[in-house]
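Have the structure open while you read.

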Amino acid sequence: MNYKIAVVAGDGIGQEIITETMRVMNQVGKVFGHQFQFEECCAATAAVEKFGDPLPEESLRQCKESDAVLLGNIWLDTYLDLPKEKRPNYALIALRKNLALKTNIRPAFILPSVSEFCPLKESVITGGMDILMLRDLAGGMIMSEKYRGMNHDGREAFDKEYYNEEMIKVTARNGFEFARQRRKKVTSLDKAVILESSKLWREIVTEVGSEYPDVQLEHMYVDDAAKKIIENPSNFDVIVTTNVFGDIISDEITALVGATNLLPAASLNSNGKGIFETNQLHNHNREIVGKNMANPIGSILSGAMMLSYSFQLEQEGKIIEKAVADVLAAGYATPDIYSPGKTLVGTKELGTKIADHIGQLKKEFI
């Protein structure tokens with residue numbers, strides 16, 4: 001099989017971690033007989049500086065004509081004096097709109113080899129943590145009507161928290177389908193005690209849930225969930241929620257891993273095509289750029305998600321996940337996850353170790 005992948009390396013460590021992801025995916029292609037054609041696209045800061053546009057028409061065309069998009073890193077804190085549509089980070093918003101991406105998927109798990117970085121007490125994480133977070137991308141105040149103006153009290157503004165039935169059904173159905181493949185539990189987060197949009201959210205999720213009698217559904221207020229996730233993350237399997245609530249809670253869950261750049265993320269449209277990125281997409285650590293110190297794990301695992309979710313190559317995705325877990329368990333670590341007793345390696349060395357190990361795992365998966 002041949003697959004065309006648009007590559008948006010973006011800013012900072014983007015090119016370094018994307019290079020290792022392509023290295024690993026090419027190794028998977030050799031093992032399983034696939035051809036991955038990577039096509040680099042100019043976007044984010046480089047595009048702003050060269051074209052005055054964070055996502056030029058040519059780059060957008062490349063992304064639209066690809067089978068999936070691999071995204072590296074986008075800075076949020078540059079060119080803040082420009083209109084929002086001209087800032088580097090608008091490239092992500094533009095891609096989400098133009099590719100009609102509906103749902104953001106963020107797995108959060110703690111591998112034994114890096115559990116020492118989790119900020120929770122050992123007694124709390126004895127049950128482990130393996131959460132799949134699904135966040136709506138189509139609605140909510142991030143994507144809905146906005147206003148800024150003046151009244152008799154001075155300046156005023158609002159962001160409309162808009163939802164409709166179809167928006168909610170997309171994320172809800174995705175959540176229940178994923179739960180069927182996991183531990184068969186969905187937790188839906190809202191603020192239905194006060195918000196009309198949340199009352200609709202809860203109503204529609206309940207209706208969709210009735211189509212999945214084999215999956216347990218629980219509703220939880222988002223503020224209560226923020227506390228309970230920290231108290232016992234093992235109680236959660238699949239979480240579905242709105243755009244803004246998901247933006248906040250997914251970052252909280254990521255923090256429980258205790259180390260940046262270890263987790264992947266994906267944003268999908270109704271056809272399964274999407275953007276695949278590290279969970280820490282907006283890494284601002286400029287001190288490590290170009291120094292072979294960045295951790296490529298989150299990006300490499302996003303490649304595994306691409307294989308599984310967009311291309312339905314589940315074995316190919318699993319071999320990457322297994323290779324990552326094995327190499328970390330063997331003690332290889334970039335500076336951010338290094339501790340005494342481990343072997344310190346750079347970005348390129350860790351990517352190479354993972355790619356080489358995929359070749360060694362060939363007999364186990366084929």
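This is a predicted model: local features need pLDDT of at least 70, side-chain atom pairs count only at pLDDT 80 or more; totals for chains, interfaces and linings use all residues.

1. Everything below is computed from it.

2. On cysteines: there are zero disulfides here. Take Cys 42, which is in no disulfide; its nearest cysteine sulfur belongs to Cys 41 and sits 9.0 Å away. A disulfide needs the two sulfurs within 2.5 Å.

3. Buried or exposed, what about the cysteine side chains? Cys 118 is buried, at 8% relative accessible area. Cys 42 is partly exposed, at 28%.

4. Now the largest pocket, with a volume of about 940 Å³. It has 29 lining residues, and those closest to the centre are Phe 178, Gln 181, Ser 308, Tyr 309 and Glu 321.

5. Which elements build that lining? At least two residues each come from strands E4 (103–109), E5 (130–136) and E11 (264–268), and from helices H6 (165–180), H10 (297–310) and H11 (314–329). H11 gives the largest share, six residues. By class, the lining of the largest pocket has 14 nonpolar, eight polar and seven charged residues.

6. The second largest pocket holds about 440 Å³ of space. Its lining counts 21 residues, with Leu 76, Arg 106, Arg 135, Asp 247 and His 282 nearest the centre. Helices H4 (90–98), H5 (140–143) and H9 (243–255) each give two or more residues to this lining, and the largest share, four residues, is from H9.

Technical notes
Residues are numbered from 1 along each chain as its sequence is written. Side-chain values use heavy atoms; hydrogens and water are left out. Buried means under 20% relative accessible area, exposed over 50%, partly exposed in between (1.4 Å probe, protein chains only). On a 1 Å grid over the protein atoms alone, a cavity is a set of points where a 1.4 Å probe fits but cannot get out, and a pocket is an open set with protein on both sides within 12 Å along at least five of seven lines; lining residues have an atom within 4 Å of a point. Grid points are joined across faces, edges and corners, and a volume is the space filled by probe spheres set on the points. Ala, Val, Leu, Ile, Met, Phe, Trp, Tyr, Cys and Pro count as nonpolar, Asp, Glu, Lys and Arg as charged, and the others, Gly among them, as polar.
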